[in-house]
Amino acid sequence: MKQPTENAAVRRDWRDKIHEIIYESEKPEGKAFDIVLLFCILTSIMVVMLDSVDRLHVRYGKTFQILEWIFTIIFTLEYALRLISIRKPFRYVFSAFGIIDLLAIVPSYLSILYPGAQSLLVLRALRLLRVFRIFRMVHFISEMRFLSTAILNSLRKISIFILFVLTLVIILGSIIYLVEGPEHGFTSIPQSIYWAIVTITTVGYGDVAPATPLGKTIASFIMLLGYGILAVPTGIVTTEMALAARTHKQDNRACPTCGKEGHDRDAKFCKFCGAPL
């Protein structure tokens, strides 16, 4: 009767060992795995970039293709091991890193059905975000979380702000159309709105410009208004970042159940799924 329990313990042991190597970077084995993985990611990105050069593609196209598939197989095996070694694989699959890891291997398989899809392999560059965890750059990870939280919390306010700016450029574009007219390049209200957007964002291409004194006065007002408008989104995001800031310190332990990081140093349980750390 003890045999099934012993088999389950052995199975759990090797899964725990794989989890330590793949998800953790505290131990030498885990850090070595992450550094090798980082090298593979960088090399695979270089292969994709070099393959896009016509002269190199003609000469080394077959070699590049073989290397791409070797890296794809390596990343596929790594993805499978990540799923096997975690207690709740679906949490990893739908996490940010899980989606990025999947995007790193899908283009190669898509290229079988749709030639040219392998150019999407440059998405593997997103996997370089793991460098923060590999070299224990916990402060960078923490700041990335603060920034993402601040942006998400700011979306509603920024959306309202953009709607306000859109209304403003429609009004100003219509006014400049009436003032300048087609003879000065403002051939339609959409064309005038385009000019208002370019001017209020301080880009100023100069392809259309007012010629009358009143038009120049309006343009000057829009330019000055643009500097004030640029400061609004910055203030919104900065405020949200201040609200999202936390004083507690975090480490880079990964939960063996859901795979998420960012736990307090003295945490005993995962704050995302409640599993023991």
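Helices here are DSSP runs of H or I with at least four residues, numbered from the N terminus. The model is predicted, so local features need pLDDT of at least 70 and side-chain atom pairs count only at pLDDT 80 or more, whereas totals for chains, interfaces and linings use all residues. Residues are numbered from 1 along each chain as its sequence is written, and side-chain values use heavy atoms, without hydrogens or water.

Within helix H3, glutamate 78 and arginine 82 are four residues apart and therefore separated by about one helical turn. Their side chains form a salt bridge at 2.6 Å, N to O; the term denotes a side-chain nitrogen of Lys or Arg within 4 Å of a carboxyl oxygen of Asp or Glu. Arginine 82 also meets aspartate 101 in a salt bridge, at 3.9 Å, N to O. That pair links distant parts of the chain, helix H3 and helix H5 (residues 96-103), across 19 residues. Buried means under 20% relative accessible area, exposed over 50%, and partly exposed in between (1.4 Å probe, protein chains only). Glutamate 78 is buried at 6%, arginine 82 at 0% and aspartate 101 at 2%.

A nonpolar core is a set of buried Ala, Val, Leu, Ile, Met, Phe, Trp, Tyr and Cys residues joined through side-chain atoms within 4.5 Å. The largest has 18 residues, of which Tyr23, Ile41, Phe71, Phe75, Tyr79 and Tyr92 touch the most other members. Helices H1 (3-23), H2 (28-51), H3 (54-84) and H4 (89-93) each give two or more residues to this core. Apart from it lies another core, of 16 residues, including Phe186 and Ile200.
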